[in-house]
Amino acid sequence: CKSSWALQVHLGTGLPLGHPPLRFCSGRAHFEKSFGIELDKKAVGLAHQNVKANSASNVTFLALDAELGLRQVRAEASPEESAVIVDPPREGLKDGACELLAAWRPRRLVYISCDPATQGRDLKRLCAAGYVVRRVRPFDLFPQTRHIESMVVLELPAKQI
């Protein structure tokens, strides 16, 4: 299923150009319009460089916190045609951002996390709002340490869209 709108929340700068979330946000031929939300203005500047290096022209970056950025994007993007990646810091999504996502109801969410506890907390809220976990994948990026990354794909059942 193809989405017209892509949104990456907590864009950051630590991802290499070939990393799936950056390809997702670069939009290239997959999305009509892509948005990246990141509070750190320096990170947004680097994200602009990544988009330029990938020859993408359909990307807008918002140097805002997640909640304010989500408020702005949801006024423009249709939830039925939207896919969202969130990759929050260790403390997870702030309450306001999680509530906005649940209320806006984009049809697909990909939640990347470096802290299973906060990811679980946020997933509980999103699942209570009707999302269903479709896929879970852990990544051991730091072997022989306690640190892991995990990616969870959530979707709204067709009858809820």
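This report describes the fold, nonpolar cores and cysteines of a predicted model.

## Basis

Local features require pLDDT of at least 70 and side-chain atom pairs pLDDT 80 or more, while totals for chains, interfaces and linings use all residues. Residues are numbered from 1 along each chain as its sequence is written, and side-chain values use heavy atoms, without hydrogens and water.

## Overall fold

Five helices and seven strands make up the elements of the protein, taken as DSSP runs (helices H or I, at least four residues; strands E, at least two). From the N terminus their order is β-α-β-α-β-α-β-α-β-α-β-β.

Of the 161 residues, 48% are buried, that is, under 20% relative accessible area with a 1.4 Å probe and protein chains only. Contacts (heavy atoms within 4.5 Å) between residues at least 6 apart in sequence join residues at least 24 apart in 73% of cases.

## Nonpolar cores

The largest nonpolar core contains 27 residues, and Leu7, Val9, Leu70, Val73, Val84, Leu101 and Leu126 have the most contacts inside it. Such a core is a set of buried Ala, Val, Leu, Ile, Met, Phe, Trp, Tyr and Cys residues joined through side-chain atoms within 4.5 Å. Helix 4 supplies its largest share, six residues.

Beyond its neighbours within four places in sequence, Val73 touches Leu7, Phe35, Ile37, Leu62 and Trp104. A separate core of seven residues includes Leu11, Val44, Ala56 and Phe61.

## Cysteines

The whole structure has zero disulfides, defined as pairs of cysteine sulfur atoms within 2.5 Å.

Technical notes
Buried < 20%, exposed > 50% of the residue type's maximum accessible area, 1.4 Å probe, protein only.
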